[in-house]
Amino acid sequence: MNKCMHCGVNILDHTEVCPLCRCVVEDGGNGDTLENYPDIRLKARKLELAGRIVLFLSIVLGTLAVVINCTHPSGVWWSVIVVGGLADMMLILFFIIENKHAGYRSKTLLLVACTAAYMVLIDYVFGFTHWSLDYAIPAALLVIDVMIVIVMFVNMRNWQSYLLFQIFMILLSGICVLCSLTGIIRHPLMSYTAFGLSCAMFLAAFIIGGRRARNELKRRFHVM
């Protein structure tokens with residue numbers, strides 16, 4: 001067990017510098033007289049172990065679903081939906097484990113992207129009637145727009161930090177509008193609604209926010 005002479009703590013994990021003061025540590029023997037410093041990687045190792053267990057169970061469940069679907073055909077490849085849902089869950093789980101310091105915005109975007117892809121997969125398995133593109137994805141964008149407004153009111157001190165997120169939502173909803181113009185989306189009402197709401201939210205924040213909004217955009221886009 002190593003010991004930091006500057007902080008007066010024992011360090012359980014193997015390191016040559018103290019995590020608190022960054023001083024070089026020394027061999028502290030059994031460390032009975034000093035307070036122990038907890039293993040800072042213990043929680044990470046537990047999360048990784050849990051992730052591997054969930055991965056194993058997901059592979060077993062996915063394989064079982066495919067086997068049952070193949071041996072008892074029903075005309076619908078429902079096992080694809082099961083495997084796709086498990087894959088989405090594992091992608092989100094491992095992103096959270098490997099990116100512990102990632103902000104909630106990146107996690108939200110990943111969740112929305114995985115959910116949208118999963119909706120398209122379900123639509124495709126059942127004959128691809130375009131309901132996922134016409135309604136599910138635009139509805140998800142509308143929900144995110146409403147969530148942004150709520151979070152901006154909750155976090156009033158730092159509301160301007162959500163301007164970049166609003167611009168990103170305009171781009172996403174704009175893609176839906178382009179898809180409706182090209183015929184990929186057959187019922188464009190919700191796509192236009194999502195695009196209009198995203199633009200209105202950004203315009204309201206920019207006008208009402210005044211100098212704080214302009215300074216935030218200058219800082220984000222490095223405009224002098």
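User: To start, in a left-handed or a right-handed crossing, how does α4 pass α5?

Analyst: This is a predicted model, and in it α4 passes α5 in a left-handed crossing. The contact is made by I137, L141, I144, D145, I148 and M152 on the α4 side, and by F165, Q166, M169, L172, S173 and C176 on the α5 side. By type, the residues of this contact divide into nine nonpolar, two polar and one charged.

User: And at roughly what angle do the axes of α4 and α5 cross?

Analyst: The two axes come within 11 Å and cross at roughly 165 degrees. Angles over 145 degrees count as roughly antiparallel, so α4 is roughly antiparallel to α5.

User: Which residues have the most contacts inside the largest nonpolar core?

Analyst: They are I144, I148, M152, W159, L163 and M169, in a core of 23 residues. At least two residues of this core come from each of α3 (104-125), α4 (131-154), α5 (163-181), α6 (189-209) and α7 (211-221), and α4 gives the most, with seven residues.

User: What does L163 touch, leaving aside residues up to four places away in sequence?

Analyst: With those set aside, L163 touches F202, A205, A213, E216 and L217.

User: Zooming out, how many helices and strands does the chain have?

Analyst: The chain comes to seven helices and four strands, and along the sequence the pattern reads β-β-β-β-α-α-α-α-α-α-α.

User: What share of the chain is buried?

Analyst: Buried residues make up 32% of the 224 residues in the chain.

Terms used:
Residues numbered from 1 in each chain as written. Predicted model: local features only at pLDDT ≥ 70, side-chain atom pairs only at ≥ 80, totals over all residues. Heavy atoms only, no water. Core = buried A, V, L, I, M, F, W, Y, C linked by side-chain atoms within 4.5 Å. Buried < 20%, exposed > 50% of the residue type's maximum accessible area, 1.4 Å probe, protein only. Contact = heavy atoms within 4.5 Å. Axes fitted to C-alpha atoms, helices over the stretch in contact; angles between N-to-C directions. Parallel < 35°, antiparallel > 145°, perpendicular 65-115°, else oblique. Left-handed = near helix turned anticlockwise from the far one by under 90°. Nonpolar A, V, L, I, M, F, W, Y, C, P; charged D, E, K, R; others polar.
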